[in-house]
Amino acid sequence: MNKDQDMTLSSELQNPSVRRIGDEQLTPTQIVEQLDKYIIGQKEAKKSVAIALRNRLRRQNVGEELRDEIMPNNIIMIGPTGVGKTEIARRLAKLARAPFVKVEASKFTEVGYVGRDVESMIRDLVEQSVAMVRSEKSEEVREKAALLVEERLLDILLPPVSGIEEPERSGDEDETVVVEGDAEVVSDKNLEREVNRKSRQKMLERLRSGRMEDRQIELETSSDGQGGMMQIFGPLGQMEELGGIMQDLMSGMPKKKKKRRLTIAEARKLLEQEEVQKLIDMDAVVKEALRKVEESGIVFIDEIDKIAAPTTGAGGKGPDVSREGVQRDLLPIVEGSAVSTKYGVVKTDHVLFIASGAFHVARPSDLIPELQGRFPIRVELKSLTEEDFFLILTQPRNALIKQYRAMLMTEDIDLEFTDEAICEIARTAAKVNETVENIGARRLHTILTNLLEELMFGIPEMVTAGAIEKHVVIDADKVREKLGKVAADRDLSQYIL
Ligand SMILES: Nc1ncnc2c1ncn2[C@@H]1O[C@H](COP(=O)(O)OP(=O)(O)OP(=O)(O)O)[C@@H](O)[C@H]1O
Ligand SMILES: [Mg+2]
């Protein structure tokens, strides 16, 4: 290398044009802490994804020569069903406020999908990102839009007297009045305006008080609220593009106006959409969305094991070829390439790919070597135990027991589970998983629905009939009474739990 030898290491390694890793980015420890609020156990997996997220940022900040040498930190999560693989990836994306899509790798091998370009996952990611940024921006202009909507509603309810809005400006008609110099006409006009202004003020207050929400008004709207709901279906990515182009063409055409009768509440919603739309700069949204995808997008590829051919597979060559084909199609995207979407070209170099699979039959080593190399991090998720189930039922922010409590709270019922009852539920879940089929934490859902079915069904009547106390306690006996027999019977639980 004929590079200047004096160059300091740091300036050689760092890319000065890129912002440094700032405080606004979570550290791996903080990421794990956040994930802990929702996911029980699976420490290794959490650590890996946290490091991967941070490393992506580090890689983006490294100087150009070295950046391309550093492997992306794509991950394969290996583990049985229902132990939190998808959940971890989803939460991670939320935390990072990153665009996120989940695709099933096997769908690319399905009949009708073969040949469908794998790039569509990146298009979906962009779509998702645009929607995300748009809703963020909408939030920013919401208040402003609400004010404009109020003004428009007011105009419908109590149209302003001409010239009322700009009394100082000499509008055409006003001027003639003034030039005529007829003082009485002027003061009449002023009086009228003054009255109008006052009543509009009053009307505005009533509008704000929410007392008029049900009142009907007539509103002129474009013929459809969504601006062209046309979709074109086709097996190829290009067709989607075509759909986009057609849509653009359509939206350029003049829209038919239509008068509709709506309540103020409905009109407010409609007008708000319109105003928000006008206030948002879509070009800026798209630019930001593309940047987000490139810098922080996360693609979750589920069932990656389904496209890995087990080496010992005695089956014919047929399906293996298409599976391997999908792997080959995936390669350039995972490796980093430019994908064209209807919003523009995106580079996938820094998109984080998290693949997951049970790998019961195939193993990660059954993937083609090039793809293996692109997923250098392997992490195994553990089967969940009875103790895990207890924690999953109670600890996460969105724990099932909390969900049920919150639902019944809306009917003024305080639902309580004793610790023994929760233990019993956890024990039953573990047992059924063992005897019937291990579906992980998903078992808790089926068991709880079963346990609470009667309560959920009958509560409204029980409340009106006064046949129930406001405080419902589920104890271990109740759980055993309801689930004991079913859980003990393998055939029964196969169907019910
Ligand atoms: N470790 C865990 N902590 C808390 N909740 C969990 C955990 N594992 C699973 N769950 C719950 O179980 C459900 C299913 O989990 P998830 O979707 O992550 O399964 P998965 O591992 O992706 O399974 P599959 O291989 O079938 O896709 C989720 O709704 C989640 O709430
Ligand atoms: Mg999953």
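This is a predicted model: local features need pLDDT of at least 70, side-chain atom pairs count only at pLDDT 80 or more; totals for chains, interfaces and linings use all residues.

Residues are numbered from 1 along each chain as its sequence is written, and chains are lettered from A and ligands numbered from 1 in the order in which they are written.

Helices (H or I, at least four residues) and strands (E, at least two) are DSSP runs, numbered from the N terminus. Two strands pair if DSSP finds at least two bridges between them. An open sheet is formed by 5 strands in the order β2-β5-β8-β1-β9, with parallel pairing. Its edge strands, β2 (100-104) and β9 (377-380), each pair on one side only. Strand β5 (residues 298-302) pairs with β2 in the parallel sense over 5 bridges, and E104 stands opposite D302 in β5.

Angles run from 0 to 180 degrees between N-to-C directions, and axes are lines fitted to C-alpha atoms, for helices over the stretch in contact.

| Helix | Strands | Angle |
|---|---|---|
| α5 (residues 85-95) | lies across β1, β2, β5 and β8 | about 170° to β5 |
| α6 (residues 120-157) | touches β2 and β5 | about 150° with β2 |

Elsewhere, the axes of helix α16 (residues 419-435) and helix α17 (residues 442-464) come within 10 Å and cross at roughly 120°. The contact (C-beta atoms, placed from the backbone, within 7 Å) involves residues including I425 of α16 and L451 of α17.

Definitions and conventions:
Two residues are in contact if their C-beta atoms, placed from the backbone, lie within 7 Å.
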